Every structure is written in C-alpha cells, then in structure tokens.
Amino acid sequence: MSSFEGRTALVTGASRGIGLAIAQALVDRGARVVVTARKPDALAEAVETLGGPENAVAVAGNAGDAEHRAEAVRTAIDTFGSLDVLVGNVGINPVYGPLMDAPLDAVRKILDTNVVASLGLVQEAWRAWMAEHGGSVLIVASVAGLKSSEGIAAYGVSKAALVNLTTQLAVELGPTVRVNAVAPAVVRTRFAEALFTGREEQVSAQYPVGRLGVPEDVGSAAAYLLSDEAGWVTGQTLVLDGGALSRGPIG
C-alpha cells in the first residue's frame with residue numbers, strides 16, 4: 001500500500017458510507033484526517049472508528065456554507081500542520097422522478113450542494129495551502145453522470161458536471177495539484193438504499209462481478225488515485241461499477 005505518512009487529508013461527507021471508507025483507507029495508510037458532515041453525533045462515531053483524535057478530528061457543518069468549508073480547511077492546517085489530500089464527497093438527491101416534474105428549486109439545491117460547494121471547497125484548499133505546497137484532490141462523482149439515469153436525473157446532471165469539473169481543475173491546478181474523480185455505480189450504503197432495497201439480487205445480477213459495490217471498493221480506489229503511485233494520473237474519472245456499464249443499463 002502506498003504510504004500517506006506525514007500527510008493530512010480532508011474528507012467531506014465522511015460520517016458514514018463511501019466518505020468514511022475513503023477516510024479509513026487513508027488512515028490505514030498513515031494519514032491524519034479531518035472529516036466533515038452535518039451531524040455531530042455521527043461524526044463523533046466516525047472519529048472513534050478511525051482511531052480517535054490522534055488520527056482524526058471532525059468539523060460539523062453544511063457543505064454549502066462557505067464559513068464551514070473555511071473552518072474545515074483551517075482545522076486541517078492548524079491541527080495537523082498541512083492539507084495534502086482533499087476528497088469532495090458531498091452529495092444530495094432530494095427529488096426522485098423525471099426532470100419534467102422536478103421542482104426547479106430542488107434542482108438548484110442539488111447543483112449548489114453537489115457542484116458549487118465542491119468547487120468552493122477546492123478553491124478554499126488551493127488558496128490556504130495547495131497552491132504553494134501542492135497536493136492531490138479526489139471528487140466523488142457517479143455513473144449517473146455518465147449515462148441517463150431514470151428516477152435520479154437531476155442528481156445525474158450534477159454528477160456529470162463533477163466529471164467535467166475534474167478535467168477543468170486538473171488543467172488549471174496542474175502541475176502543482178492532481179485532480180481525479182471516481183464514478184461508482186450502486187454501492188451498499190444508506191444513501192443508495194432506494195436503488196436496491198427489496199431487489200438486491202435482481203440489481204446485483206446486472207453486474208458482471210455478481211454483486212453490488214461496498215464502500216471499501218471505493219476507498220481502495222480513492223487511496224490509489226490520491227497516492228504517489230498515481231503520480232502521472234490527473235483529470236481522469238475512474239469508473240467503479242463492477243462492469244455494469246459494459247453490459248448496459250443499471251437499475
């Protein structure tokens with residue numbers, strides 16, 4: 001495993017699921033992490049899971065709040081002395097159904113939280129540390145951003161924007177900072193439950209590997225892209241889908 005000894009990571013949306021798995025993969029490889037999410041109690045549990053305050057500290061708040069983003073970045077630098085690794089894993093999907101029925105206020109909220117806040121986080125990290133010291137950024141997109149996605153179309157549009165944001169930032173921030181993304185298919189998390197609950201066997205059958213993803217699948221891939229082993233990789237979106245896109249529609 002590539003070592004992150006002496007490096008500090010900030011992982012958003014990390015109280016559970018994919019975000020927590022990414023934070024755990026980085027801690028397992030020697031990093032100290034700052035984790036963020038909205039709920040303080042869930043974050044406290046995450047910190048304990050990650051090994052306590054020697055390994056992890058939490059900053060509770062809303063990703064759409066610029067002051068929260070600034071506090072998270074400042075906490076990483078003040079607590080651990082650097083901000084070498086940044087993971088944007090915030091994502092919401094408050095509406096389900098076709099775009100023609102989607103309330104535009106809800107669509108704006110999805111884009112603001114999933115896209116604009118992600119850009120704001122990178123801006124904050126760049127200005128506070130990475131422009132001078134370098135680093136590596138990972139954005140959590142989705143296969144929903146690579147294809148039409150029935151029922152979660154607005155979410156898919158936001159994730160498609162993140163795929164393009166990744167390429168734009170890779171060019172703008174290189175060679176100082178590398179920027180990549182992962183695009184998972186259905187992963188067994190609370191966030192994705194509506195996509196497989198009551199029909200997991202049916203959904204799993206669509207994947208050539210024969211199962212849904214688990215958060216650790218994403219954590220391991222994220223650790224690679226953020227590590228020195230991926231030092232010649234930037235502007236890329238790694239699809240983590242168990243082969244599903246090779247076969248056809250998911251859902």
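Reader: Hi! Where is E229 found?
Author: E229 is in the loop that runs between α7 and β7 (237-240). Helices (DSSP H or I runs of at least four residues) and strands (E runs of at least two) are numbered from the N terminus. This is a predicted model, in which local features need pLDDT of at least 70 and side-chain atom pairs pLDDT 80 or more, while totals for chains, interfaces and linings use all residues. Numbering starts from 1 along each chain as its sequence is written, and side-chain values use heavy atoms, without hydrogens or water.

Reader: Is E229 buried or exposed?
Author: E229 counts as exposed because its relative accessibility is 54%. Buried is under 20%, exposed over 50%, and partly exposed in between, for a 1.4 Å probe and protein chains only.

Reader: And how many residues apart along the chain are E229 and A23?
Author: E229 and A23 are 206 residues apart along the chain, and their C-alpha atoms are separated by 18 Å.

Reader: OK, let's go inside. Which residues have the most contacts in the largest nonpolar core?
Author: That core has 31 residues, and I22, L26, V33, V35, L50, V87 and L138 have the most contacts inside it. A nonpolar core joins buried Ala, Val, Leu, Ile, Met, Phe, Trp, Tyr and Cys through side-chain atoms within 4.5 Å.

Reader: Which elements give two or more residues to this core?
Author: There are helices, α1 (17-28), α2 (40-49) and α7 (215-226), and strands, β1 (8-11), β2 (32-37), β4 (85-88) and β5 (135-140). The largest share, seven residues, comes from α1.

Reader: What does L50 touch?
Author: Not counting residues up to four places away in sequence, L50 touches L20, A23, Q24, V27, V33, V35, N55 and A56. A contact here is heavy atoms within 4.5 Å.

Reader: Which residues does the second core include?
Author: That separate core has 29 residues, with V59, L86, L121 and V179 among them. V59 lies in strand β3 (residues 56-60), and it counts as buried because its relative accessibility is 4%. Beyond the residues up to four places away in sequence, V59 touches V34, V35, T36, A37, L43, H68, E71, A72 and T75. V59 and A76 are 17 residues apart in sequence, with 9.6 Å between their C-alpha atoms.

Reader: New topic: how many cavities of 30 Å³ or more does the structure hold?
Author: The structure holds one. The largest cavity has a volume of about 90 Å³. On a 1 Å grid over the protein atoms alone, a cavity is a set of points where a 1.4 Å probe fits but cannot get out; a pocket is an open set with protein on both sides within 12 Å along at least five of seven lines; lining residues have an atom within 4 Å of a point. Points join across faces, edges and corners, and the volume is the space filled by probe spheres set on them.

Reader: Which residues line the largest cavity?
Author: The lining is T12, T36, A63, H68, R69, A72, G88, N89, V90, A117, S118 and L121. Both α3 (66-80) and α4 supply at least two of the lining residues. The lining divides into five nonpolar, six polar and one charged residue. Ala, Val, Leu, Ile, Met, Phe, Trp, Tyr, Cys and Pro count as nonpolar, Asp, Glu, Lys and Arg as charged, and the others, Gly among them, as polar.

Reader: Where does S118 lie?
Author: S118 lies in helix α4 (residues 104-133). S118 counts as buried because its relative accessibility is 9%. Apart from residues up to four places away in sequence, S118 touches T113 and L162.

Reader: What about Q123, where is that found?
Author: Q123 is also a residue of helix α4. At 32% relative accessibility, Q123 counts as partly exposed. Q123 and V11 are 112 residues apart in sequence, and 15 Å apart in space, C-alpha to C-alpha.

Reader: And the second largest pocket, which residues lie nearest its centre?
Author: G213, D217, L240, D241 and G242 lie nearest the centre, out of 15 lining residues. About 170 Å³ of space lies in this pocket. Its lining divides into ten nonpolar, two polar and three charged residues.

Reader: Last one: which peptide bond is cis?
Author: The bond from G174 to P175 is cis, with omega near 0°. P175 lies in the loop between α5 and β6 (177-184).
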